[in-house]
Amino acid sequence: MSPEYFLLIDRVVSIDLDAGKIVCESTVPQESVVFEGHFPGYPLLPGVLMIETMAQCAGWFLVAANNYNRMPFLAAVRDAKFRSFVKPGKKLVAEAKRTHDGSGYAMMDTTLTCEGRQVCNGTITFHVAPFPGPDFATEMRRRAVDVGLLGKEALADG
């Protein structure tokens, strides 16, 4: 996880396009400028970054489900609940399951767990639109390789 750059998913653990599910992992860094203000002397991962971690996990599913040609843009977060704090150094598991896909929108039920306990959950809606251009598609494939969603050979095919 690199919160300063909004790169919150370290790796994709599993994806099942037919079942509409994805599982991702992320480790909260021990130190980050984010913790300087949230909170001084008692660092906690901000709730907005918990939601963003779930959204990025779900987003990777949608990118893969759309054959790396379409981009999910956050449209709504519904029924989000924060159930516990997350401290630096903790490993997070994000899971997402597709509940709707059509008319240019997709909905995913998402959860975030830490040490086996749910820390956040919610339903996230995305607007799904074509990539803005071939350079963007190349960058998304490169990042998909970085998180283990695609093999390196996908860059040569791309």
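A: What follows is a walk through a predicted model, taking the sheet and then the helices.

Q: OK, how many strands form the open sheet, and in what order?
A: Six strands form the open sheet, and they are arranged in the order β1-β2-β4-β5-β6-β3, with antiparallel pairing.

Q: And which are the edge strands?
A: The edge strands are β1, covering residues 11–16, and β3, covering 70–82, since each of these pairs on one side only.

Q: By how much are neighbouring strands turned against each other?
A: On average, and with direction ignored, neighbouring strands of this sheet are turned by 20° against each other.

Q: Let's zoom in on β4; how many bridges join it to β5?
A: Ten bridges join β4 to β5, which spans residues 105–114, and the two strands run antiparallel. As examples from this pairing, His 100 has Met 107 in β5 as its bridge partner, while Asp 101 has Ala 106 in β5.

Q: What's between those two strands?
A: There are two residues between β4 and β5, which together form a hairpin, and Ser 103 in the turn has a positive phi of about 60°.

Q: What about β2 and β4, in which sense do they pair?
A: Strand β2, residues 21–27, pairs with β4, residues 91–102, in the antiparallel sense over seven bridges. Within that pairing, Thr 27 stands opposite Lys 91 in β4.

Q: Changing topic to helices, which strands does α2 lie across?
A: Helix α2, made of residues 47–65, lies across β1, β2, β3, β4, β5 and β6, and its direction is at about 50° to β6, the strand at 117–130.

Q: And α3, how far does it reach from its first C-alpha to its last?
A: Helix α3 has 13 residues, 134–146, and it reaches 19 Å from its first C-alpha to its last, which is close to the 18 Å expected at 1.5 Å a residue.

Q: Which residues of α3 are buried?
A: The buried residues of α3 are Ala 137, Met 140, Arg 141, Ala 144 and Val 145. They are on the same side of α3, because they cover an arc of only 145° around the axis.

Q: Then what does the face turned away from that buried side carry?
A: That face of α3 carries the exposed residues Asp 135 and Asp 146.

Terms used: Residues numbered from 1 in each chain as written. Predicted model: local features only at pLDDT ≥ 70, side-chain atom pairs only at ≥ 80, totals over all residues. Heavy atoms only, no water. Pairing = 2+ DSSP bridges. Helix = DSSP H or I, 4+ residues; strand = E, 2+ residues; numbered from the N terminus. Expected span 1.5 Å × (residues − 1). Buried < 20%, exposed > 50% of the residue type's maximum accessible area, 1.4 Å probe, protein only. Arc of directions from axis to C-beta. Axes fitted to C-alpha atoms, helices over the stretch in contact; angles between N-to-C directions. Contact = heavy atoms within 4.5 Å.
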